[in-house]
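Take a moment with the chain before reading on. The walk goes from the overall layout to single residues.

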Amino acid sequence: MDARIAVLVSGSGSNLQALLEDPGIRPYVVLVLSDRPGVRALERAERAGVEALVVDPTGHEDRESYSRAVAETLAERNVDTIVSAGFMRILGTEVLKRWHGRILNVHPALLPSFPGMRGVSDALAHGVKITGVTVHFVDEEVDHGPIVTQEAVEILPDDTWDTLEERIHAAEHRQLPRAVRALLDGRIHVDGRSVTIEGE
Ligand code: GRF
């Protein structure tokens, strides 16, 4: 197996950290790309000795133009696998076409419930008793592609955003490496929306 993974980030990078701490994944992470300077995820990458850079959206007139800049950066490094781990931007056609079937995203809710930027607070506000995390392939629609793994997280009566988010994060740190390992091993089979992981 060989792979060249780019992890896309925008913030704290705890999911990036979970990937970097997985010995089956770390050797293949060649790039951490952020849309924002100064974020903790970039520090984590540097500390792990992984190339870390910012592709700034300023100056790009639309999503497609920004996406072309991202695609160029990834292509220059021969990236074949993309993990969107807290990346707060929607990827455009250039990236989606070129890396079709090779882009995973982690979402802090049980999709198709609570898509969008506020998965944790939307679930709390709605009063659901169970939420969770989803790792899915990225397609043209937001938080929509075929689902690879999910884990349920119970919402407790006295949960706040902070306490719930902590348990959501813990679940993400289990599910994202699991899905990435399966993708790297070629154990993921997609049939329409139905995804199976060989050996599980
Ligand atoms: C995660 O909860 C992810 O699901 C969401 O943004 C958060 C990023 O956290 N899209 P981190 O930067 O990996 O700590």
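Predicted model: local features only at pLDDT ≥ 70, side-chain atom pairs only at ≥ 80, totals over all residues.

Domain 1 brings 17 residues to the contact, and domain 2 brings twelve residues.

Next, the interface area. The size of an interface is often given as the accessible area lost when the parts come together. Here, domain 1 and domain 2 bury about 1100 Å² between them. Carbon and sulfur atoms account for 71% of that area.

Now the polar side of the contact. Five residue pairs are in polar contact between domain 1 and domain 2, with both residues at pLDDT 80 or more. The salt bridge count between domain 1 and domain 2 is one. A salt bridge joins the side chains of Arg 181 and Asp 22, with 2.3 Å from N to O. On the side of domain 1 that touches domain 2, α1 (14-20) and β4 (81-84) each supply at least two residues. The largest share of that side comes from α1, with four residues. By class, the side of domain 1 that touches domain 2 has ten nonpolar residues, six polar and one charged.

Turn to Ser 34. This residue lies in strand β2, which spans residues 29-34. Is Ser 34 buried or exposed? Ser 34 counts as buried because its relative accessibility is 0%, and the cut-off for buried is under 20%. A polar atom of the Ser 34 side chain lies 2.6 Å from the backbone oxygen of Arg 36. Set aside the neighbours within four places in sequence, and Ser 34 is in contact with Val 9, Ser 10, Val 39, Leu 42, Leu 53, Val 54, Val 55 and Tyr 66.

Which loop holds Gly 192? Gly 192 is found in the loop between β8 (188-191) and β9 (194-197). Gly 192 has a relative accessible area of 57%, so Gly 192 is exposed, the cut-off for exposed being over 50%. Pro 146 is 46 residues from Gly 192 along the chain. Even so, the C-alpha atoms of Gly 192 and Pro 146 are separated by 7.6 Å.

Terms used
Residues numbered from 1 in each chain as written. Heavy atoms only, no water. Contact = heavy atoms within 4.5 Å. Buried area = accessible area lost by both parts, 1.4 Å probe. Salt bridge = Lys/Arg side-chain N within 4 Å of Asp/Glu carboxyl O. Polar contact = N/O pair within 3.5 Å; in protein donor to acceptor, adjacent residues only side chain to side chain. Nonpolar A, V, L, I, M, F, W, Y, C, P; charged D, E, K, R; others polar. Buried < 20%, exposed > 50% of the residue type's maximum accessible area, 1.4 Å probe, protein only.
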